[in-house]
Amino acid sequence: MSLPLAATTETPPHTGGLLLLIDGTAGLLTVAALGIALLLFLIIKVRLQPFVALLGVSIAVGLLAGLSVTELFGTVQRSDAVSTIESGMGGILGHVAIIIGLGTMLGAILEVSGGAEVLASRLLNLFGEKRAPLAMGLTGLIFGIPVFFDVGIFVLAPIVYAAAKRSGKSILLYCLPLLAGLSMTHAFLPPHPGPVAAAGLLHVDLGWVILMGIVCGIPAVLAAWAYSAWVGRRIFVAVPQDMVEAAAEAKQAVIEEQRAQGVVPREDPVPLGTVLGIIGTPLVLILAATFSSIAFDPSTGRSVIEFFGSPFVALTIALLLAYYLLGIRRGWSRRSLERVSTASLKPVGNILLVVGAGGVFGAVLKASGVAQALSDTFNDVGLPVIVLSYLISVVLRVAQGSATVAIVTTAGIVAPLLSEGHHSQAFVALVIMAISAGSIFASHVNDGGFWMVAKYFGISERDTLRTWTVLETVLSVAGFVVAAVLSVFV
């Protein structure tokens, strides 16, 4: 069963609010609409950093809905009083920060050690030139689990160039399956920020998120691969020679940077089994813990399984395995391991702040009664919660471009809808899949991923809209359809 989410059946009264301008459900809905409109305006038109925009809108919504300054910010007279902003930020980051941090360091070690190149090369040799697009898709699917989407493109793009150049065919045949794999894992599977943040906001065990991410994500990526094969035969895009040269220079720069960090690349490649084992270890441990809680009565054995299957412990074990098998055993110094790990965490700060601000937004919606008003209204509409979750996420995604902002905002809005029923963990995990699917719908010019794809693979803006944008839409719709169908049975 899903963990209970605190909710009230009627709008809570507030006294002492700075701007108590509204009253009743209609007023609260107006505040919600104005808040979301302001958020989109600040991100799209003002180009305000999403963390600042989310935090500012959270404060404005709280004040307009009747929360007092003390309720929002706490009071200097009582240092032990926890404000809505502090509880919202701390509640979500306490769950998400450790998982994202460990996952990021694990991905960095796999990247720097050459694990991605080994994975792609072995799969290309295994499937042969005729099935090279499938090999690239599987590479993106597997390597995308521990690394961020943009890192996956940076590391694997040179391999795509080589495969496309050797065949003389359109680069779309090779890059689109790879992108589908990277995008699916980024949207549907932990330890990526989106699903981890949604799991924290909706109080779902990560094992269920992983299970439903696999069940919904695999059919979605198969549909995307089918589209990739179809469109890749109809639109020819040559290998971008300037990017080939830039990739070679970038690779040399990475090697020099590694040497400066004390990492000396070895000639012999990393064993493929080692790469797969490290990537699969946390997934297997977390899933084992989830199933043990269902299949076994409380016992010492079950406690041991659940201990090792805790996301924190499972990811720590995988990271330590990577440190030893890909680092120390291959000649890395402890200092070089520390430098690579530390460098990998630098881009994470922005992600964590956006996720934390999303937690604040959700906390303000709940504390002010806006979330309950939204819940009552959505219930009156009559649409299933999983459909509403997808539609809200789609609108936010298309409007402002950020998948993370779409996920954390949607999760905060739909949380009260889930709290009113006794939903199982499996059902709430499927709702998360719907939210995640909506967050990748129709990537276009307001999404950084759109320009990254166009730049790295030499695709014109027009053709990027015809290929990448449609690919993301196929992934989104297919993933949602599977989640919606499964929700009927769980």
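This is a short tour of a predicted model, stop by stop. Residues are numbered from 1 along each chain as its sequence is written. Local features need pLDDT of at least 70 and side-chain atom pairs pLDDT 80 or more, while totals for chains, interfaces and linings use all residues, and side-chain values use heavy atoms, without hydrogens or water.

**Stop one: a helix pair.** Select α9 (residues 193–202) and α19 (residues 403–419); helices are DSSP runs of H or I, at least four residues, numbered from the N terminus. Their axes (lines fitted to C-alpha atoms over the stretch in contact, with angles from 0 to 180 degrees between N-to-C directions) lie 9 Å apart at an angle of about 30°. That makes α9 roughly parallel to α19, a term for angles under 35 degrees.

Now show side chains: Gly194, Ala197, Ala198, Leu201 and Leu202 of α9 meet Ile407, Val408, Ala411, Ala415 and Leu418 of α19, where contact means heavy atoms within 4.5 Å. By class, this contact has nine nonpolar, one polar and no charged residues.

**Stop two: a cis bond.** Step back to Pro191, in the loop between α8 (172–188) and α9. The peptide bond from Pro190 to Pro191 is cis, with omega near 10°.

Next, pick Arg47, in the loop between α1 (24–44) and α2 (50–64). Phi of Arg47 is near 60°, a positive value in a residue other than glycine.

Key
Helices (H or I, at least four residues) and strands (E, at least two) are DSSP runs, numbered from the N terminus. Angles under 35 degrees count as roughly parallel, over 145 as roughly antiparallel, 65 to 115 as roughly perpendicular and the rest as oblique. Ala, Val, Leu, Ile, Met, Phe, Trp, Tyr, Cys and Pro count as nonpolar, Asp, Glu, Lys and Arg as charged, and the others, Gly among them, as polar.
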